[in-house]
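Hi everyone, thanks for coming.

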Amino acid sequence: MSNINIIIRTADKTRKAELSIDLQQTGADIIQSAVENWSLPTDTDYSIVNTTSGTTIAPNASLKDSAVVDGNILEIQPVLVAG
Amino acid sequence: MTFERYQRHSLIDWFAQDLVQTAKVAIIGCGAVGNEVAKNLALLGVGSIDLYDFDTIEIHNLTRSVLFREHDVGKNKAEVAAMRIQKLDPNIKVNYFAGDFWDLLPLDKAQNYNCILCCVDNFEARIKLNQICTLTRTNLINTGIDSKFTQVEVFPFANNKQVACYQCNLPNTVYERMQARYSCGWLKKIAVTEKKIPTTIITSSLAAAMATSKALALINGNEFTKAESILINSATGVSSISNFEQNNCCIGCHTTKKHIFITKSSANITSKFNFSDNAKAEVNTSDPILVSYRCVKCNPNTNDCTVVFKKADDFDASLTTCKQCNHDSVDVVIQDSFTTHELINNYAGKKIPVKFLRLENKQQTTIIELE
């Protein structure tokens, strides 16, 4: 198991955490943890963006496969459905 | 007259009015964002604008819809929006299609658009439009809003065979939420309360402005090499731009080959119906088909089933309750994959009730659009 230190925040910047995380965690795992720990609305869908590299992390891709490295900032963004 | 109308545009060095005037654009969904996009494209002088929407205007739409008036309530959204933007610029060509784009937009027509702007309000329609655009290699601009955020996503399919599609990065929760609306596979649940998402003209106009800007860039021939997403917080002005990478496990595009062949065929199943030299080759249908149903209590013999062969989406879960014994004992058979042999032997004389059939081989994806 190999861990890295990253910053996770919400798109509106009202939630932010610095944490050490396993590189095998997927985008979906991190979103689920953020929704649970920060009590984000559960009737909204979210994606996760590596703001350092400017790339969206695929839901089932691990942080390792998504080339997330120490010090990166990941942002939980809503996936908007209304039009 | 026409030159004078666009004279200010001609002063902008990057603005190619001649390309804009020959451009063909479709807007799917004429609600809050669709209204603003249609207005913007018309004022820019986009030569041909097609509007699609099955929905009718309700009084609550008027707080976000610049093209609708109180006396329009009850009328089709696409029809009214088309009439109003035609008045904004009589020089442009405007068409409207009052109905579901899935039924009204043939694939060869989709191919002719410079781009399609997705302004719908649900994931099912976005996924269907994504399918049309990935298969026809038509540029897609997706929009989404809530009360605070605006999202615009650009999928430059026309010039890039290896580009992420809308589904490549779609969260799993979207599929879970969609599936929760159905029971027994693809039968609609009888009572589903749709979540109402509050929005304002602020986020819808912001989304439309950004989407129109991206459409203009595509029309002007700007090269997008990757799919991209822009998220703007309308309250703070903070924005975030990110790229989408292609997902090798994407259920929307990972089976699609680099070479796509699109053809047309009659939907009628006859003895000559043939889409492959191999009668055992499987063909996938674009929509799930309700093949048959049978009450296991009233008709224990498996051969005593009622053959339906219609789009599963046209039925709801009430079908699983037997009208004779009133028990929830009806088994339904829903398929989205058939062999030629199976179709000819079991369903000759019927029409295949879907938009298209899809075949895969090692080199090519073949799409047979049904007429």
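In α8(B), F123(B), E124(B) and I127(B) meet V174(B), Y175(B) and M178(B) of α9(B); contact here means heavy atoms within 4.5 Å. The residues of this contact of α8(B) with α9(B) divide into five nonpolar, no polar and one charged. Nonpolar covers Ala, Val, Leu, Ile, Met, Phe, Trp, Tyr, Cys and Pro, charged covers Asp, Glu, Lys and Arg, and the others, Gly among them, are polar.

Before I go on, some ground rules: this is a predicted model, where local features need pLDDT of at least 70, side-chain atom pairs count only at pLDDT 80 or more, and totals for chains, interfaces and linings use all residues. Residues are numbered from 1 along each chain as its sequence is written, chains are lettered from A and ligands numbered from 1 in the order in which they are written, and side-chain values use heavy atoms, with hydrogens and water left out.

Back to our helices, which, like strands, are DSSP runs numbered from the N terminus (H or I, at least four residues, for helices; E, at least two, for strands). The axes of α8 (residues 123-136) and α9 (residues 172-179) of chain B come within 10 Å and cross at roughly 115 degrees. Those axes are lines fitted to C-alpha atoms, for helices over the stretch in contact, with angles from 0 to 180 degrees between N-to-C directions.

Which residue does the side chain of E124(B) meet in a salt bridge? The partner is R181(B), at 2.2 Å, N to O. A salt bridge is a side-chain nitrogen of Lys or Arg within 4 Å of a carboxyl oxygen of Asp or Glu. E124(B) is buried at 18% relative accessible area, while R181(B) is partly exposed at 27%. Buried means under 20%, exposed over 50%, and partly exposed in between (1.4 Å probe, protein chains only).

Another pair is E228(B) and K214(B), at 2.9 Å, N to O. E228(B) sits in strand β9 and K214(B) in helix α10 of chain B, so the pair ties together parts 14 residues apart in sequence.

Now the interface: 25 residues of chain A are in contact with 37 residues of chain B. The area buried between the two chains is about 2400 Å², meaning the accessible area (1.4 Å probe) that two parts lose on being put together, summed over both. Two salt bridges are counted between chain A and chain B; D45(A) and R177(B) form a salt bridge at 2.9 Å, N to O.
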